[in-house]
Amino acid sequence: MVTDIDDFFSVDANSKYQNLDGDFTIECWIYRVGSGENNAFASWAYYNASVNGNWTWRYSNNTFQFVLYDAQVYIFAIEGASGDFPADTWLHIALSRVGTGTNNLKMYVNGKLISQTSYNGTLMSGSSQPLKIGSANWGFGDYTLESYIDDFRITKGTGRYTGDSTSEWGNFSE
């Protein structure tokens, strides 16, 4: 757990969590303290001109946004509705992809589907960039969301959540 709102950590590049080209899940528990626009709580090689599948997960417009780029070319942002990310509350958030069909990439808050889109490309496609949790990789300013983060997990090869809601959210026993 990141124990201070100003702390973050980096995880060195590793094939165990990179090259997410099939089913996957990225999830964590988060408790937002601060506010501000475009403030990240996790990122990988974000807005890096030489890396495809780079992303940031951030707070913007009073909701979650998962923003994806290939190099510096915007691909999409998947986001919830305003108010989906209240302060001073622990929330479980998850991004899960299953299969290659329409709306195969889904974002959940506390087990409830809040947004979905179609994406069949590869996330985190091979780079020496670290995964940053509690901060962003971008080099043009401090856009770190003041928050507490616990149980950040990337599951490669398994989309843990499907459908409009799930009763299994936040189950870290597996």
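## The six-stranded sheet

In this predicted model, six strands form an open antiparallel sheet in the order S1-S10-S3-S4-S5-S6. Strands here are DSSP runs of E with at least two residues, helices are runs of H or I with at least four, and both are numbered from the N terminus. Two strands pair if DSSP finds at least two bridges between them. The edge positions are taken by strand S1 (9-11) and strand S6 (73-79), each with a single partner strand, so one side of each has no neighbour in the sheet. Direction ignored, neighbouring strands of this sheet are turned by 25° against each other on average. Axes for such angles are lines fitted to C-alpha atoms, for helices over the stretch in contact, and angles run from 0 to 180 degrees between N-to-C directions.

Within this sheet, S4 is joined to strand S5 (residues 63-70) by eight bridges, and the two run antiparallel. The bridge partner of Thr56 in S5 is Val67.

## Asn52 in strand S4

Asn52 belongs to strand S4 (residues 52-60). Its relative accessibility is 40%, so Asn52 counts as partly exposed. The classes are buried under 20% relative accessible area, exposed over 50%, and partly exposed in between, with a 1.4 Å probe and protein chains only.

Leaving aside residues up to four places away in sequence, Asn52 touches Trp44, Tyr69, Asp70, Ala71, Met124 and Ser125. A contact means heavy atoms within 4.5 Å. Asn52 and Met124 are 72 residues apart along the chain, and their C-alpha atoms are separated by 7.0 Å.

## The five-stranded sheet

Five strands form an open sheet with antiparallel pairing, in the order S9-S8-S7-S2-S11. Strand S9 (112-117) and strand S11 (147-156) stand at its edges; each has a single partner strand, so one side of each is left without a neighbour in the sheet. The twist averages 15° from one strand to the next.

Strand S7 (residues 90-97) is mostly covered, with seven of its eight residues buried. S7 pairs with S2 in the antiparallel sense over eight bridges, and with strand S8 (residues 105-109), also antiparallel, over five bridges. Leu95 is the bridge partner of Ile26 in S7, and Met107 is the bridge partner of Leu95 in S8. Ala94 stands opposite Tyr108 in S8.

## Nonpolar core

The largest nonpolar core holds 36 residues, and those with the most contacts inside it are Ile26, Phe41, Trp55, Trp57, Phe64 and Leu123. Strand S2 (residues 24-32) gives the most to this core, with four residues. A nonpolar core is a set of buried Ala, Val, Leu, Ile, Met, Phe, Trp, Tyr and Cys residues joined through side-chain atoms within 4.5 Å. In soluble globular proteins, nonpolar side chains tend to be buried together.

## Salt bridges at Glu27

The structure holds two salt bridges, defined as a side-chain nitrogen of Lys or Arg within 4 Å of a carboxyl oxygen of Asp or Glu. In one of them, Glu27 pairs with Arg153, the closest N and O atoms being 2.7 Å apart. This pair links distant parts of the chain, with Glu27 in strand S2 and Arg153 in strand S11, 126 residues apart. Both Glu27 and Arg153 are buried.

Glu27 also forms a salt bridge with Arg160, where the closest N and O atoms are 3.9 Å apart. Glu27 lies in strand S2 and Arg160 in the segment after S11, so the pair ties together parts that are 133 residues apart in sequence. Glu27 has 0% relative accessibility and therefore counts as buried, whereas Arg160, at 24%, counts as partly exposed. Salt bridges that share partners join Glu27, Arg153 and Arg160 into one network.

## The chain as a whole

The chain has eleven strands and zero helices. Of its 174 residues, 48% are buried. Among contacts between residues at least 6 apart in sequence, 63% join residues at least 24 apart. The chain exposes about 7,600 Å², of which carbon and sulfur atoms supply 43%. Accessible areas come from the Shrake-Rupley method with a 1.4 Å probe, and for residues only the protein chains shown count as cover.

## Basis of the values

Residues are numbered from 1 along each chain as its sequence is written, and side-chain values use heavy atoms, with hydrogens and water left out. In this predicted model, local features need pLDDT of at least 70 and side-chain atom pairs count only at pLDDT 80 or more, while totals for chains, interfaces and linings use all residues.
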